[in-house]
Amino acid sequence: MTGIARGGFEGLDACVHCGFCLQACPTFLATGDESDSPRGRIELMRGLERGDIAATDPALIYHLDRCLGCRGCEPVCPSGVQYGHGLEAARSRIAGSRPVPGVARLALWALTTPGVSAVVYWFGRLLRAFLPRSLAGWGRIRFALGMLAATKYDGKRRYGTVWDGKSKRKNPTVSYRPLPSHTVQIFRGCVMQGLFSHVHDATIRTLGVNGHQVREVNGQVCCGALHAHAGLIDEARALARVNVDAFGDGDEPIVVNSAGCGALMKEYGRLLDDVRAERFGARVRDVTELLAGSAMKGPVAGEPLDLHVAYDPPCHLLHAQGIAVQPLKLFAAIPLLELVPVAGAAECCGSAGLFTLLEPEMSRVVLKTKIDRLREAAPQVVATGNPGCLMQIGAGLAAAGSAARARHPVELLDDAYRAAGRYE
């Protein structure tokens with residue numbers, strides 16, 4: 001282990017100010033302000049570490065708060081700057097010098113606290129059952145309603161010409177072929193379990209078809225990603241320790257279907273500076289990694305679905321985890337499904353954890369660019385593998401009057417397997 005003496009600031013040392021990152025930064029493209037670019041923010045963060053800039057400096061806080069943390073700058077950096085680690089360290093130092101905004105604290109309490117979050121999610125599921133998609137809009141309240149509506153699972157709505165909505169049950173008795181031969185553990189998380197449990201169901205079914213038996217793990221908690229992004233590193237570490245203990249010291253893969261969760265969980269070793277946590281991180285796999293297989297042959301083929309899909313790779317899957325090809329293998333296993341190219345698909349949608357709540361103006365500016373491009377491409381479905389992205393893009397599509405829906409890639413494979421009779 002390398003230690004955590006500098007807390008992540010060391011990740012910025014490689015920066016040589018080349019500027020390759022500028023055109024990869026959504027906020028710089030939106031504002032044209034160097035201080036809203038990775039290069040500009042790195043200078044601010046270096047000043048913070050040296051003590052030249054106070055952690056309470058208004059300009060420092062303003063420009064770092066406006067960073068999405070999408071890490072889109074990292075893959076284009078020829079020097080290998082670990083921008084995300086530096087941002088995490090800077091936000092932690094700021095959080096130690098001033099109170100975390102009340103809205104952020106309230107959101108974290110409501111969404112991630114055991115017991116409390118169960119009540120919040122129960123109420124959210126109750127509300128969304130009666131929430132029409134047409135209520136979505138660009139204002140704070142209507143956009144929030146659109147985000148909640150985007151989490152709704154409609155068991156009768158299917159896309160493509162194969163599924164008729166009648167021949168198969170919504171939750172069939174699972175009898176997978178072939179029989180599972182490998183055991184994996186599933187991480188359920190907080191938002192995914194509270195609002196996207198149908199994605200967990202699809203994950204379990206599709207993995208079963210591909211030879212993986214999913215085992216539940218008691219005692220797991222929130223991954224801590226939202227806390228880390230807010231600068232609450234000690235709270236993120238406390239949650240990480242609980243999860244490391246809950247999942248034990250075995251070698252079974254830990255499947256995650258939320259890109260943001262997976263990105264942090266793979267870095268538990270760095271977060272905790274602990275060998276046991278490092279081993280835990282090495283076991284974490286995004287669901288598309290398991291479905292694609294180690295040989296990248298892709299999952300078992302499903303029934304054809306005549307469907308136009310735009311794939312929007314989550315930032316913390318593509319940039320943070322470097323997973324690009326595996327989701328495409330999943331789509332390739334669905335005959336007739338056509339991937340629709342969309343300009344700038346790899347750019348952030350503006351969700352970025354709590355960013356959409358704390359910085360709504362910048363969040364919407366970034367999102368509208370993506371929505372305009374999606375409307376031009378006109379897919380039936382926008383597939384993305386992160387809950388925040390599903391909610392953000394889903395709300396944006398609804399607010400823009402688009403009929404397209406946001407869905408998790410695993411849901412589409414699940415549809416193809418159900419239509420093929422895999423669950424009978």
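Strands here are DSSP runs of E with at least two residues, and helices are runs of H or I with at least four, both numbered from the N terminus. Residues are numbered from 1 along each chain as its sequence is written. Because the model is predicted, local features need pLDDT of at least 70 and side-chain atom pairs count only at pLDDT 80 or more, while totals for chains, interfaces and linings use all residues.

Strand 5 (residues 308-311) runs parallel to strand 7 (residues 381-383), and 3 bridges join them; two strands pair if DSSP finds at least two bridges between them. An open sheet of 4 strands, paired in parallel, has the order 6-5-7-8. Its edges are strand 6 (338-339) and strand 8 (405-407), each pairing on one side only.

Two helices lie across this sheet. Helix 21 (residues 409-419) lies across strand 5, strand 7 and strand 8, at about 90° to strand 8. Contact means heavy atoms within 4.5 Å, and angles run from 0 to 180 degrees between the N-to-C directions of axes fitted to C-alpha atoms, for helices over the stretch in contact.

Elsewhere, strand 1 (residues 182-186) and strand 2 run parallel, joined by 4 bridges, with Val-184 opposite Val-214 in strand 2. Strand 2 (residues 212-215) has His-212 and Val-214 on a covered face and Gln-213 and Arg-215 on an uncovered one. In a regular strand the side chains alternate between the two faces of the sheet.

Methods
Side-chain values use heavy atoms; hydrogens and water are left out. Buried means under 20% relative accessible area, exposed over 50%, partly exposed in between (1.4 Å probe, protein chains only).
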